[in-house]
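Visitor: I am new to this structure and would like to learn how to read it. Could you show me around?

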Amino acid sequence: MTAESTQSEAGAGIGLTFRPNPDNGEIAFLGYAGDPRQENYVAGPMELPLIGSDAPNKVEGYSAVLLGYRLPEEPAYRRQWLSFRREPGEAESYLFENEHVRVVKTFRIEAGTLTIELAVTAGSRGLEAAELALSAPINNYYCPWRYDQRYLYEHLHYEHIHPGGAHGYQLVESLSGNEPLLYCIPLGDTRFEHVSRFPGTIDLERASVPNHSWPGSSVLFLHAEGYLAANGFKPLLPGLAASGIRLGPGETAVRRLRLGFVERRSGLAEVLVNSGKIDAYAVPAMTGPIDAEFRIVARGCGKLSLLDANKLEQVSERESAEGRMWTFRFREQGEQLVRIAGDGAAEPAALLFRVTAPLPELFERRADFIVDRQVLHDDGSNLNGAILLYSLGDFEAFKGEGLYAKEDSLWGNGSYEGGITDGMFAAEKNALYPNRGQIAKLERYIVDYVRRYLQNPDNDEVKWWLFQFDTTRSYNYMHVANLYYSMYRIAKQYGMTEEYTDEQYLDFAYRTLMKMFDASRPMDLITGLMGGQRIFALLDSLREEEKVEMYYNLLIRVRRHADELFRGDVPYGSECPYDNTGYECIAFYADYFKEEECLGAIGKAMQAVRGEQPVWWWQGSDIRWWDAGTDFAEVCHHYTSPLNSSALLMLVRQGVLQPDPTLLSLIYGGLLGSTAKIHGDGRASMSYCWEQESPNFGDHVCTGDVGLSLYGTLLGLQAFAYASPRHGELGYLGQLTRQPSGAGLRFAPLAGADRRVSWHFEDEHGKVDRGDAYCSSGAIDEIVFGGEKGGLRIAIRGSGNNDAGASKGGGVYSGELRLVLPVKPIGATVNGTAVRIYPVAERTYAVDYPTVLSGGEECRIDIAMPRASSKAEGGNK
């Protein structure tokens, strides 16, 4: 049965092709009309062998119905997947019937979309239906395509699901991000109250399902009261209560869902709004620090109003071309529910934030915990001096609370993601915001453990972990090199290292990477490396330090690696059947080597893997379901999310991706999600799990590989100023305002995101001005774009730390401001004195500025630009 391409009341549709299984009324095939490949978006037995099987983790087909009910005055609770038979008639109707209840499931093609209607009729005694759910498996079983990544990305799918009541949805998107998207939404008074995975489908041991190959299948609850009560669970979103159906004898309740296709994600917003629902997103994201300014932009039918204003302060609202916009700050940290009510909407839409402490406080607190409480001090142990995991409860072989000091475990004591990466984060944090005490302890870790046990100083081999002497895993070398590179920056910029000099740390990083290319397993060099973007930063440093031979030695190895990466197949894989850890590195390789086709492809793939749901644990989080131990429940805001966000931001800065507010929010959700896992005492969780069925529910008990997550956040963290005639002025981790005179814009970045600022301004004619500013010491206090004299005025303030380091050439200048600009500037002054502005790369220029020692002290840098490029009136040209 095919629904032709038409215009429906829910928005522009592209039509669909639908085939039910005539034996049971489950959807066997659902694709978009005109697809030459006839790709199935949902899972039938062909796509998922567990459907129709006798396995203990059997999955029911798409649209199978689960009903749980009890009869009046009877304690017995009846719960079963219903067996339907086809009913004759014009529509596709299927019937289940027993002495207590009659359920008719009907499929209708309406204006290019598919409506599923469930009519539940009570028997002669009436009933209380406390559960009504649909099976919703999609085509996401990745295992058969481990050796054909191109097929995997072009033909299989992700699921983004939002149990947002009347405003909920299921969205199915191809891994490549290239194809139309399938949506499923509730209609009328139908609600998506809860979602869970099929029993057994998240177990570590899954019958006939290999590791890492399948994220599981969903059960979508239209009524979840009985399921939550029986299991002692709470609604996923506070304020959206679960319900049941109470029917008298012969009474009928009807629940309806609509499925259809949209060309791109933005089409879902149109479908929601045109279906009487509310669509909303937040700036900067669903996670952020308490000192940040937040905005909610919402659209819906009728007048919209903000509820829960008692949790907010400095609230203002206005109408924009995008919808209703509220600007505010949160009063308290923690999870915060904010609801939007709409005239005619079935219920308010819920947005669930997690608000953190200010970013500098978070990073300092976490680094202190690492160097003070995660280092083992035991002269009798081989792990003496190691930075280990810290756990609040049972994890893997560890029981109880404390340091995970297991010599025979890869967790904690090795160069693995769950080992050295806490040290990486602490080092990178100190490269940005130095603390002498932390730096001294990091150097002891390097001397006492890294260069004694993990790496052989004589031949640079890196062991996997203490009792696994394998030295061929490339990812481990990358981690060690990144640790050294951050220490090089500390030594170079601040002169605060004692054990090794900046030149020695740079040499360690270089030699470690050279050994990586010599020793790595061949399979590793056709994939990306976590944190691999730093390879190009190291190349830049070798060039700037005039290490000519080292520079070309490394560049040749990197070119060979690139040849393997871009030879034929999409380079998205890893050591696992499916993985998203390589995206970030691939994006930076593609940018460096001008692989335009790959740049476009990887940008789409990185967007497709993350959700836009207005819930902090999903928004901006890459889909991932392993590494957390115990089971394969979803692990949200794992380390790929911030790493891939840093790559997406790079693509925006390079002009490969054209930003809009929703894309920037998606990026910042991934960057900031890891900060939501830092706790009050400085401990951090490796992930968050929303599935109450899992022992991992909530914040993970163990630090695990959170260091790589927070390291990725620091690599990408920056403030972003965005302005366009349609969206107005928006600041991501900063405030963007128009100057009182009306000439120019002023942007004040937030503390913790104030070392780098990017901007993207559009005018009414579509002209774009974009650029970057990065300061090597202190922080950017504000940037004024345009103004009375045009150009840029950048104020840099001291941090309060003696962080200026040695001056360049013995002079008075030690800080460097780097600017990426669309046109060549024509001059610069520092505190009113003319200085040299010099090129350092294509479209990149630098200005040296005086040492800034005390907090609050500022220097002002004015950059003169050609007049046509200096105004920010109505959006910069």
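Visitor: Leaving aside neighbours within four places in sequence, which residues is Cys-775 in contact with?

Guide: Contact means heavy atoms within 4.5 Å. By that rule, Cys-775 is in contact with Asp-754, Arg-755, Ile-780, Ile-796, Glu-816, Leu-817 and Tyr-849, once neighbours within four places in sequence are left aside. Before we go on, note that this is a predicted model, where local features need pLDDT of at least 70, side-chain atom pairs count only at pLDDT 80 or more, and totals for chains, interfaces and linings use all residues. Residues are numbered from 1 along each chain as its sequence is written, and side-chain values use heavy atoms, with hydrogens and water left out.

Visitor: Is Cys-775 buried or exposed?

Guide: Buried means under 20% relative accessible area, exposed over 50%, and partly exposed in between (1.4 Å probe, protein chains only). Cys-775 has a relative accessible area of 0%, so this residue is buried. Cys-775 lies in strand β37, residues 768-775. Helices (H or I, at least four residues) and strands (E, at least two) are DSSP runs, numbered from the N terminus.

Visitor: What is the mean pLDDT of the chain?

Guide: pLDDT is the predictor's confidence in each residue, from 0 to 100. The chain has a mean of 91, and 94% of its residues reach 70 or more. Over residues 2-12, however, the pLDDT is below 50, and over residues 802-813 it stays under 50.

Visitor: How many residues does the largest nonpolar core have?

Guide: In soluble globular proteins, nonpolar side chains tend to be buried together. A nonpolar core is a set of buried Ala, Val, Leu, Ile, Met, Phe, Trp, Tyr and Cys residues joined through side-chain atoms within 4.5 Å. Here the largest one has 213 residues, and Tyr-158, Phe-353 and Trp-617 are among those with the most contacts inside it. Helix α8 (residues 474-494) gives the largest share of this core, 12 residues. A second, separate core of 31 residues includes Ala-723, Ile-783, Leu-792 and Ala-828.

Visitor: In what order do the strands of the open sheet of 4 strands come?

Guide: Two strands pair if DSSP finds at least two bridges between them. The order is β21-β27-β26-β23, with mixed pairing. At the edges are β21 (287-289) and β23 (304-306), each pairing on one side only. Strands β26 (residues 334-342) and β27 (residues 349-356) run antiparallel and are joined by 7 bridges. As one example, Gly-334 has Val-355 in β27 as its bridge partner.
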